[in-house]
Amino acid sequence: MVRIIEDEKNDLINKYFRLDQKINRDLQLLNKVKKQYHSKSYHTRMEAAGGIEVRTRAFRIEDEVCDYLDHVALIEKRMNKKERKKYYFINYLNKLPPIERKYLYDRFVHQSNVMVNEKIERAVTEEIYEIEDAVSYMNGEVPDKLLRLDDVTGLDFENLLEVLDL
């Protein structure tokens with residue numbers, strides 16, 4: 001059980017150090033979607049539909065444009081969230097003492113074999129949870145508090161009900 005929590009914490013911190021890569025992938029996807037849309041044929045054409053039947057096929061502008069705009073908006077919203085997370089995370093890292101920042105980069109970016117510093121990692125994890133909550137609220141969403149609990153044994157009944165939103 002403890003190992004799973006450690007792995008999830010490490011995955012969360014690694015995810016934040018890889019936000020640039022994820023933003024770049026979204027940007028590539030956005031460019032691909034735009035290129036695919038603009039390379040479509042807008043002309044009416046004739047198609048064989050089995051046997052001797054021939055059908056007229058046209059570019060359905062209402063459907064195609066709406067689908068395209070929805071897809072672009074979804075990717076842009078996702079990129080915006082990631083850029084905000086990156087901004088706040090970099091801001092947090094810049095405020096850390098140099099030795100703590102070096103430890104984090106050595107452990108999570110360079111994958112160096114360094115001694116685990118639980119205090120620093122817990123502080124970073126808590127800050128990431130704060131960033132997640134803030135970005136969720138900025139986008140009109142309610143953050144998922146269940147993801148933030150490492151140990152629920154210390155919570156009293158009222159706090160558990162609040163976490164479970166009951």
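The structure is a predicted model, in which local features need a pLDDT of at least 70, side-chain atom pairs count only at pLDDT 80 or more, and totals for chains, interfaces and linings use all residues. Residues are numbered from 1 along each chain as its sequence is written, and side-chain values use heavy atoms, with hydrogens and water left out.

On confidence, the protein has a mean pLDDT (the predictor's confidence in each residue, from 0 to 100) of 84, and 84% of its residues reach 70 or more. Among the elements, helix H2 (residues 19-38) has the highest mean, at 95, while helix H6 (residues 157-163) has the lowest, at 64. Where pLDDT is low, predicted coordinates should not be read in detail.

The protein has 6 helices and 2 strands, taken as DSSP runs (H or I of at least four residues for helices, E of at least two for strands) and numbered from the N terminus. From that end, the elements run α-α-β-β-α-α-α-α. Of the 166 residues, 27% are buried, where buried means under 20% relative accessible area, exposed over 50%, and partly exposed in between (1.4 Å probe, protein chains only). Contacts are pairs with heavy atoms within 4.5 Å; among those between residues at least 6 apart in sequence, 57% join residues at least 24 apart.

(The expected span is 1.5 Å times one less than the number of residues.) Its buried residues are Tyr68, Val72, Ile75, Met79, Lys82, Lys85, Phe89, Tyr92 and Leu93. Tyr87 also lies in H3, but with a relative accessible area of 53% Tyr87 is exposed.

How do the helices pack? The axes of H3 (residues 61-95) and H4 (residues 98-109) come within 8 Å and cross at roughly 130°, so H3 is oblique to H4. Axes here are lines fitted to C-alpha atoms, for helices over the stretch in contact, with angles from 0 to 180 degrees between N-to-C directions. Angles under 35 degrees count as roughly parallel, over 145 as roughly antiparallel, 65 to 115 as roughly perpendicular and the rest as oblique. Leu93, Asn94 and Lys95 of H3 meet Arg101, Leu104 and Tyr105 of H4.

The axes of H4 and H5 (residues 118-138) come within 11 Å and cross at roughly 85°, so these two helices are roughly perpendicular. On the H4 side the contact uses Glu100, Tyr103, Leu104, Arg107 and Phe108, and on the H5 side Ile120, Glu121 and Val124.

Leu104, in H4, is buried, at 0% relative accessibility. Leaving aside neighbours within four places in sequence, Leu104 touches Phe17, Leu93, Leu96, Val109, Ile120 and Val124. The C-alpha atoms of Leu104 and Asn117, 13 residues apart along the chain, are separated by 9.3 Å.

Gln111 sits in the loop between H4 and H5 and is exposed, with a relative accessible area of 54%. Its phi is near 55°, a positive value in a residue other than glycine. Most residues other than glycine have a negative phi.
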